[in-house]
Amino acid sequence: MTTQEARTGGRGVRGDLFDPRCPTRQLLDRIGTKWTSMAVKTLADAAPDEVRFAELRRRMPGVSQKMLSVTLRSLTRDGLVSRRVEPAVPPRVFYRLTGLGLSLEAALAGLRTWAEEHMAEIDRANEAADQDAEEG
């Protein structure tokens, strides 16, 4: 599937991760980041309510204003998050997950749970690999 096919005639067409031209690869790059996972989780926890940008940033330790802005822009462009601006000085910007975003949260929740449950095993494997590298 080409990018053009995916964009124009792709409604109802399933992507193919193994096709180098398929935009599924870029989508996985976007949704596979820690900031995306944290933003989706934070918005899901607030659903169906909206969350202001500043509150999202407070709930996501370590995220910079720029990185959160980039993440939210990408999620909004992909139709996973809706954005509402209230005219004020400064403008008040609110975000919430769309139905599509809520469906992504279900998938990401499983991945987060797996990572949290297996982190100790991963740490042990990394320590063993580091030790092997030092000895070898």
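This is a short tour of the structure above, stop by stop, for you to follow in your viewer.

**Before you click**

You are looking at a predicted model, where local features need pLDDT of at least 70, side-chain atom pairs count only at pLDDT 80 or more, and totals for chains, interfaces and linings use all residues. Residues are numbered from 1 along each chain as its sequence is written, and side-chain values use heavy atoms, with hydrogens and water left out.

**Stop 1**

Select residues 34–46, which make up helix α3. Helices here are DSSP runs of H or I with at least four residues, strands are E runs with at least two, and both are numbered from the N terminus. Helix α3 has 13 residues and reaches 18 Å from its first C-alpha to its last, close to the expected 18 Å. That expected span is 1.5 Å times one less than the number of residues.

Which residues of α3 are buried? Colour Trp35, Thr36, Ser37, Ala39, Val40, Thr42, Leu43, Ala44 and Ala46 to see them. Buried means under 20% relative accessible area, exposed means over 50%, and partly exposed is in between (1.4 Å probe, protein chains only).

Now step to Ala47 and Pro48, which are joined by a cis peptide bond with omega of about 10 degrees. Pro48 sits in the loop between α3 and β1. There is another cis peptide bond to find between Val89 and Pro90, with omega of about -5 degrees. Pro90 is in the loop between β2 (81–86) and β3.

**Stop 2: salt bridges**

Next, show the charged side chains. A salt bridge here is a side-chain nitrogen of Lys or Arg within 4 Å of a carboxyl oxygen of Asp or Glu. How many salt bridges does this rule give? The count is 10.

Start with Arg21 and Asp19, whose side chains meet at 3.3 Å, N to O. Arg21 is exposed, at 51% relative accessible area, whereas Asp19 is buried, at 9%.

Then select Glu50 and Arg96, a salt bridge with its closest N and O atoms 4.0 Å apart. This pair links distant parts of the chain: Glu50 is in the loop between α3 and β1 (51–52), Arg96 is in strand β3 (residues 92–97), and the two are 46 residues apart. Both are partly exposed, Glu50 with 26% and Arg96 with 33%.

An α-helix has 3.6 residues a turn, so residues three or four places apart point the same way. Arg58 is exposed at 59%, while Glu55 is partly exposed at 25%.

**Stop 3**

Move to helix α6, residues 99–135. Leu102 is in this helix and is partly exposed, at 40% relative accessibility. Draw a distance from Leu102 to Lys34: the two are 68 residues apart in sequence and 17 Å apart in space, C-alpha to C-alpha.

Patches are made of residues with over 30% relative accessible area and no salt bridge; like charges are joined within 9 Å, and nonpolar side chains (Val, Leu, Ile, Met, Phe, Trp, Tyr) within 5 Å. Accessible areas come from the Shrake-Rupley method with a 1.4 Å probe, and for residues only the protein chains shown count as cover. Trp114 is found in helix α6 and counts as partly exposed, at 46%.

Which residues gather in a patch of negative charge? Select Asp123, Glu127, Asp130, Asp132, Glu134 and Glu135 on the surface. Asp and Glu count as negative and Lys and Arg as positive, with His and the chain ends not counted. The place of a charge is taken as NZ of Lys, CZ of Arg, CG of Asp or CD of Glu. Glu135 belongs to helix α6 and is exposed, at 60%.

**Last stop: two distances**

Select Tyr95 in strand β3, a buried residue at 7% relative accessibility. Tyr95 and Gly136 are 41 residues apart in sequence and 51 Å apart in space, C-alpha to C-alpha.

Finish at Cys22, in the loop between α1 (3–8) and α2 (24–31). Is Cys22 buried or exposed? Cys22 is buried, with a relative accessible area of 0%. From Cys22 to Ala120, 98 residues along the chain, the C-alpha atoms are separated by 35 Å.
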